[in-house]
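Colleague: Could you talk me through this one? I have the sequence and the model open, and I'd like to ask as we go.

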Amino acid sequence: MTAEVGTAPFVSFQSQYESTYGADRVGVKTSEGAAVLQPPEFAMYSYDFVHVLAAAAIRAASVEPEKVTAALNQVVTQGANGDERGFNEHSHEGVVDDDVYFARFHDMTFSPVPDDPLSSTLPPIPQTR
């Protein structure tokens, strides 16, 4: 959900998602009574895949399966979190982020752990309103 470019792309995606579909309420509250929300991480991956597929169809100038499949190996798009998504020799990200965000669960929310080199550099994702 976060990336090297910071949280701005994901927060923008989250804002657009929630304005269209509403917030994903978890059904629990923190000890202070704040409602906990699920960030739309699963929606992010389908959003990314649709954009990669659309880029492949445009590059192929066709919707023929063989041409689109071949074009998938040549396209790169920007994902909802700002990372590149593609299946080619320059981008192996596909549509599943291989940068794992390790977090600790506390008071019904999670935050990045401080003892992992990647996670310690990432900001927490807002999960309450």
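Colleague: What do strand 5 and strand 6 form, and how many residues lie between them?
Modeller: Strand 5 and strand 6 form a hairpin with 2 residues between them, and Asp 107 in the turn has a positive phi of about 55 degrees. Strands here are DSSP E runs of at least two residues, helices are H or I runs of at least four, and both are numbered from the N terminus. This is a predicted model, in which local features need pLDDT of at least 70 and side-chain atom pairs count only at pLDDT 80 or more, while totals for chains, interfaces and linings use all residues. Residues are numbered from 1 along each chain as its sequence is written, and side-chain values use heavy atoms, with hydrogens and water left out.

Colleague: In which sense do strand 5 and strand 6 pair?
Modeller: Residues 103-106 (strand 5) and 109-112 (strand 6) pair in the antiparallel sense over 4 bridges, where pairing requires that DSSP finds at least two bridges between the strands.

Colleague: Pro 112, then: buried or exposed?
Modeller: Pro 112 counts as buried because its relative accessibility is 18%; buried means under 20% relative accessible area, exposed over 50% and partly exposed in between, using a 1.4 Å probe and protein chains only.

Colleague: And what does Pro 112 touch?
Modeller: Leaving out residues up to four places away in sequence, Pro 112 touches Tyr 101, Phe 102, Ala 103, Ser 119, Leu 122, Pro 123 and Pro 124, a contact being heavy atoms within 4.5 Å. Pro 123 is 11 residues from Pro 112 in sequence, and their C-alpha atoms are 7.1 Å apart.

Colleague: Switching topic, which residues make up the largest nonpolar core?
Modeller: That core has 10 residues, namely Phe 10, Phe 13, Tyr 17, Ala 43, Met 44, Ala 80, Tyr 101, Phe 110, Leu 122 and Ile 125. A nonpolar core is a set of buried Ala, Val, Leu, Ile, Met, Phe, Trp, Tyr and Cys residues joined through side-chain atoms within 4.5 Å. Helix 1 (8-21) and helix 2 are the elements that give two or more residues to this core, and the largest share, 3 residues, comes from helix 1. There is also a second, separate core of 8 residues, including Val 68 and Ala 71.

Colleague: Which residues of helix 3 are buried?
Modeller: In helix 3 (residues 65-72), the buried residues are Val 68, Ala 71 and Leu 72. What covers the buried residues of helix 3 includes helix 2 (41-60).
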